[in-house]
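Q: I would like to learn how to read a protein model feature by feature. Could you take me through this one, giving the general idea before each case?

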Amino acid sequence: MSKDHSALDELIGALRGLPGVGAKSAQRMAFHLLQHDRVGAGRLALALTGALQRIGRCERCRTFTEQQVCDTCVDATRDARLLCVVEMPADQAALERTGGYRGLYFVLMGRMSPLDGIGPDAIGLPALLQRATDGTVEEVIIATGFSAEGEVTAHALAELLRARGLKVTRLARGVPAGSDLEYVDLSTIAHALADRR
């Protein structure tokens with residue numbers, strides 16, 4: 001196998017690792033970048049390298065940031081009594097776009113999936129419990145998805161947080177079952193947040 005063929009296979013394999021990208025789509029993207037948009041491919045490579053070098057996780061909420069503590073966590077106008085727990089940074093971004101929530105966040109970076117061996121420690125449960133019991137937080141809003149794994153995660157979190165005397169609410173069911181927040185329209189998210197239980 002030639003080195004060129006190996007590099008092409010590596011590129012296609014890397015593109016296949018993206019969500020929703022199958023073998024044919026990955027091959028089409030690779031060929032397009034190499035044949036028609038080498039400048040764009042270079043920009044993409046530089047942007048990805050830069051992001052990997054500069055972006056880490058916020059010490060407080062675990063979202064992506066270039067600082068130790070993200071802009072949301074240091075914003076004094078946010079209501080520190082409210083802590084919204086989301087699965088991924090994309091879910092946090094979706095909630096922010098609604099403009100209907102002014103509290104703080106905790107990003108799990110996943111959801112529990114006992115069948116896949118993903119338990120409480122893998123989603124940062126100890127850090128969440130520490131953050132939620134800091135003496136400032138009064139209500140924890142659980143905004144995990146309504147998939148089976150999201151529901152398992154929500155239930156486990158609610159039990160542990162309530163046991164520590166915290167008020168725990170869950171997004172209302174306006175969000176379609178089995179969907180991720182980042183794909184739900186903003187109006188539905190805003191209503192689910194307002195009607196949390």
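A: A residue is called buried when its relative accessible area is under 20%, exposed when over 50%, and partly exposed in between, using a 1.4 Å probe and protein chains only. By that rule, buried residues make up 39% of the 197 residues in the protein chain. This is a predicted model, in which local features need pLDDT of at least 70 and side-chain atom pairs count only at pLDDT 80 or more, while totals for chains, interfaces and linings use all residues. Residues are numbered from 1 along each chain as its sequence is written, and side-chain values use heavy atoms, with hydrogens and water left out.

Q: How many helices and strands does the protein chain have?

A: Helices (H or I, at least four residues) and strands (E, at least two) are DSSP runs, numbered from the N terminus. Here the protein chain has eight helices and six strands, and along the sequence they follow the pattern α-α-α-β-β-α-β-α-β-α-β-α-β-α. Where contact means heavy atoms within 4.5 Å, residues 24 or more positions apart account for 56% of the contacts with a separation of 6 or more.

Q: Which residues line the largest pocket?

A: Rolling a probe the size of a water molecule over the atoms shows where empty space is left. On a 1 Å grid over the protein atoms alone, a cavity is a set of points where a 1.4 Å probe fits but cannot get out, whereas a pocket is an open set with protein on both sides within 12 Å along at least five of seven lines, and lining residues have an atom within 4 Å of a point. Grid points are joined across faces, edges and corners, and a volume is the space filled by probe spheres set on the points. The largest pocket holds about 290 Å³ of space, and its lining consists of L11, A14, L15, L18, L33, L34, A41, L44, A45 and L48.

Q: With which side chain does the side chain of E87 make a polar contact?

A: A polar contact is a pair of N or O atoms within 3.5 Å; within protein, one must be able to donate a hydrogen and the other to accept it, and residues adjacent in sequence count only if both atoms are side-chain atoms. The side chain of E87 makes such a contact with the side chain of R111 (2.9 Å). E87 lies in the loop between β3 (79-86) and α5 (89-98), and it counts as buried because its relative accessibility is 4%. Leaving aside neighbours within four places in sequence, the residues in contact with E87 include M109, T144 and D180.

Q: What else can be said of M109, and where is it found?

A: M109 is found in the loop between β4 (103-107) and α6 (125-132). Its phi is positive, about 65°, although M109 is not a glycine, and M109 is buried, with a relative accessible area of 17%.
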